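Please open the model in your viewer and keep the sequence beside it. The tour below goes from one selection to the next and says what can be found at each stop.

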Amino acid sequence: MEIQAKSADRNLMLTFIGDLDHHGARNALRELEQAVDAALPKNLVLDMSGVTFMDSSGIALILRAQQRMQLLDGNVCVCNVPAQARRVLDAAAIGRLVTIK
Amino acid sequence: MKTKASNEVTLEFPSRSSNEGFARAAVACFAAQMDPTLNELEDIKTAVSEAVTNAIVHGYPESIGKVLVKARICPGNVLELTVKDRGRGIPDVDKARQPMFTTGGEERSGMGFTIMESFMDQLTVRSALGRGTTVTMKKKLAPRMKAGK
Ligand SMILES: Nc1ncnc2c1ncn2[C@@H]1O[C@H](COP(=O)(O)OP(=O)(O)OP(=O)(O)O)[C@@H](O)[C@H]1O
Ligand SMILES: [Mg+2]
């Protein structure tokens with residue numbers, strides 16, 4: 001799993017590439033926190049377009065991102081979610097907690 | 001009690017996280033002979049991933065132990081999956097199955113069992129403290145037109 005960060009004007013976009021499972025995500029939480037702390041964004045976009053597989057490990061990551069952004073009074077949006085990952089988010093009803101586009 | 005399987009496979013591997021992807025792919029490969037839809041195949045992979053990750057993360061939190069995955073094709077186009085560890089065990093299974101319940105800290109969400117339940121038709125969890133956990137899941141695949149065998 002690789003995370004690419006792009007930031008401009010306090011907007012941070014993190015693009016996830018690869019399998020977002022326990023193995024793939026083992027460094028992802030730290031990387032996400034570091035990227036957010038460095039950019040201090042108003043808006044955080046989690047771009048899932050490169051995710052080849054996701055399980056509950058991805059849910060934990062999205063929820064942690066949401067908590068981090070709440071501390072900064074900012075927003076999180078989960079975008080470009082592939083079908084398999086979308087069904088995982090729906091099964092866990094994550095759409096009630098985080099904006100999914 | 002045990003239904004007769006027309007085909008079955010057993011995998012055994014050490015509880016290293018790099019085996020999560022292997023277990024998913026191996027079970028998906030085995031299930032391919034049932035002619036599943038892409039959605040069914042993805043659901044199966046997701047359920048395997050949740051159960052295997054639990055064995056690795058919670059079953060053997062501080063050691064490397066053996067994880068067993070069995071896949072069986074049962075009458076009525078039913079896939080039965082069993083994921084077993086001989087690890088720590090679950091003190092209260094009903095509580096563990098509740099959505100959002102986790103002992104895993106900030107890297108876990110407590111949604112694994114909920115996802116297994118929603119992606120498979122049946123989920124059974126047997127566990128004994130200090131002895132290990134066995135998760136059995138069943139999914140009936142939609143009948144599909146087959147051109148003979
Ligand atoms: N194989 C196992 N051995 C020991 N305990 C387990 C096992 N599987 C599950 N548990 C216990 O059940 C709880 C709930 O499991 P579940 O998969 O629903 O959530 P999680 O693993 O904590 O988080 P997530 O799956 O969302 O990453 C776990 O936190 C753990 O306490
Ligand atoms: Mg789990």
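Between which two elements of chain A does the loop that holds A:Asp73 lie? Select A:Asp73 and you will find this residue in the loop between α2 (56-71) and β4 (75-79) of chain A, where helices are DSSP runs of H or I with at least four residues and strands are runs of E with at least two, numbered from the N terminus. This is a predicted model, in which local features need pLDDT of at least 70 and side-chain atom pairs count only at pLDDT 80 or more, while totals for chains, interfaces and linings use all residues. Residues are numbered from 1 along each chain as its sequence is written, chains are lettered from A and ligands numbered from 1 in the order in which they are written, and side-chain values use heavy atoms, with hydrogens and water left out.

Stay on A:Asp73 for its backbone: its phi is near 60°, a positive value in a residue other than glycine. Most residues other than glycine have a negative phi. A:Asp73 counts as exposed because its relative accessibility is 63%; buried means under 20% relative accessible area, exposed over 50%, and partly exposed in between, with a 1.4 Å probe and protein chains only.

B:Met100 is not a glycine either, yet has a positive phi of about 75°, and with a relative accessible area of 48% it is partly exposed.

Now select helix α1 (residues 19-31) and helix α2 (residues 38-59) of chain B, which pack at an angle of about 145° with their axes 9 Å apart. Here axes are lines fitted to C-alpha atoms, for helices over the stretch in contact, and angles run from 0 to 180 degrees between N-to-C directions. On the α1(B) side, the residues that meet α2(B) include B:Glu20, B:Ala23 and B:Val27, and on the α2(B) side they include B:Leu41, B:Val48 and B:Ile56, contact meaning heavy atoms within 4.5 Å.

From there, move to B:Gly112 in helix α4 of chain B, which counts as buried at 9% relative accessibility. Leaving aside neighbours within four places in sequence, B:Gly112 is in contact with A:Ser56 and B:Glu50. The C-alpha atoms of B:Gly112 and B:Glu50 are separated by 5.5 Å, although the two residues are 62 apart along the chain.

Which chains surround ligand 1? Show its surroundings and you will see residues from chains A and B, so the site is shared between chains. Of the 20 residues around ligand 1, those that come nearest are B:His58, B:Thr102, B:Thr103, B:Arg108 and B:Ser109, where a residue is near a molecule if one of its heavy atoms lies within 4 Å of it. An oxygen atom of ligand 1 is 2.6 Å from an N or O atom in the side chain of B:Thr103, and an oxygen atom of the ligand is 2.8 Å from an N or O atom in the side chain of B:Asn54. At B:Gly110 the backbone takes part, with an N or O atom 2.9 Å from an oxygen atom of ligand 1.

Finish at B:Thr133 in strand β5 (residues 132-140) of chain B, which counts as buried at 8% relative accessibility. Not counting residues up to four places away in sequence, B:Thr133 touches several residues, among them B:Val83, B:Ile90 and B:Ser127.

Definitions and conventions: Polar contact = N/O pair within 3.5 Å; in protein donor to acceptor, adjacent residues only side chain to side chain.
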